[in-house]
Amino acid sequence: MVRVELPFHLRKLAHVDEEVTIDVPGAVTPHAIIDAIEARYPMLRGTIRDYATNQRKPFLRFFACEEDVSFAALDAPLPEAVASGAAPFMIVGALSGG
Amino acid sequence: MSGVRLLVGTRKGAFVMTSDGKRDKWEINGPFFGGWQFYHLKGSPVDPNRIYASQSNDWFGQTMQRSSDGGKTWETVGNKFTYDGVPGTHQWYDGTPHPWEFKRVWHLEPSLSDPDTVYAGVEDAAIFKSTDGGQNWEELSGLRRHSTGSKWTPGAGGMCLHTILIDPRNEQRLFVAISAAGAFRSDDGGATWKTITKGLHSKYLPEPTAEVGHCVHRIAFHPSRPSTLFMQKHWDVMRSDNAGDEWTKISGNLPTDFGFVIDVHAHEPDTVFIVPIKSDAEHYPLDGKLQVFRSRKGGNEWEPLTKGLPQKDCYVNVLREAMDVDSLDACGVYFGTTGGQVYCSADAGDTWKAIVHDLPPVVSVEAQTI
């Protein structure tokens, strides 16, 4: 099982606590995690990645094992610690706005 | 019908306010979805408890909410707004071609006959329709594919389709307005469109009477007389008596005719309300005095309405979606400000009272007579 930390507004939208645990079939990649998140929480579709381009929303970042993996290929495998559930995959909103 | 429910969209959440027919004491519920922008909320005329809401922010983009119990609880519905086919380009601020890109939903217009059917006006300008309660959206692409589409340009707030009117006598007739393209009418349910801009004059355009390029801020009509349209343009208050085929200026004695909102009295088709703003460069009331202007003669002769409104040091704006009327007797008029006030007049504008003073900036106000 993979642990995923969602930003505040997405947690509220999905009615979940800070961290969710999901089953990710196959290779654990950012895309695979988002696929699983969107399947479990359909209200989050279109909020993490763009419908048209499938790319990460510009004001969001992805972190794994204290590394910013936002600019890695979205289908690149994440560290084993994320795949095993030892460390969370973090979706973080930019600290910006008013 | 004995009461009013206000649906208020703000920069930081949605609010639902209710009152009895006296409209003196209000119960305020919210914020719903605190921290999110709500560009618009609107209830179905067929089932007022069915409410659609446009929720967005800069991080997560557009989401849509729907309530089936008058705004007490909400469910997330579809947010996939995909342009039909290859969207092509419109004109950017500097005159260069720019790809059409969906950004947000500015306006929701529920059908007059079916609570599951609703139109959405979006930025970059297009109109979408859902027939399943907002779960799925399909573009009525005849508008965006209009022969002038490649010449449409964004206004300062983006290239938004912000006004949708459905003719109560013929639901196949739709009116839309786009900043800064102009106004359009469809007589076949949105399949094809024609510009309705004859008579508009915009001095900032290279050709002031061009077919498109006019920054229309709002259009309103009275349901009993849907061929008479009232328009608040960037500058100029306008009127058409032939469904937009021709427009005439009705600014008359207004001290300034720049503004955003315009609305029509629920029982008097020739009584019109606007909130003049100082200028396109200074988006606040003239002389720091918040004034609603009312014409009882369909324009040209306007009277300031000030009783209960701040008459000094007031520098708020009233955005295009932030005024509405109820249909009680006497007609109630409501508007919200960027300073977070929502004002109510229970006597058709003669006197005003703030329902609330300190909300986040108000983007939209819809009144439901329930």
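**Exercise 1. How do strands β2 and β3 of chain B pair, and over how many bridges?**

Step 1. Strand β2 of chain B covers residues 13–20. Strands are DSSP runs of E, at least two residues long, numbered from the N terminus.
Step 2. β2(B) and β3(B) pair in the antiparallel sense over four bridges. Two strands pair if DSSP finds at least two bridges between them.
Step 3. One bridge to locate: B:A14 has B:F32 in β3(B) as its partner.
Step 4. Now the turn. Six residues lie between β2(B) and β3(B), which form a hairpin. There, B:R23 has a positive phi of about 60°.

This is a predicted model: local features need pLDDT of at least 70, side-chain atom pairs count only at pLDDT 80 or more, and totals for chains, interfaces and linings use all residues. Residues are numbered from 1 along each chain as its sequence is written, while chains are lettered from A and ligands numbered from 1 in the order in which they are written.

**Exercise 2. Find the order of the four strands in the open sheet of chain B**.

Step 1. Start with β1(B), residues 3–10. β1(B) and β30(B) pair in the antiparallel sense over seven bridges.
Step 2. Check one bridge: B:T10 is partnered by B:V362 in β30(B).
Step 3. Write the order: β3-β2-β1-β30, with antiparallel pairing.

**Exercise 3. How many residues does each chain bring to the contact?**

Step 1. Chain A brings 15 residues and chain B brings 12. Residues are in contact if their C-beta atoms, placed from the backbone, lie within 7 Å.

Terms used
Two residues are in contact if their C-beta atoms, placed from the backbone, lie within 7 Å.
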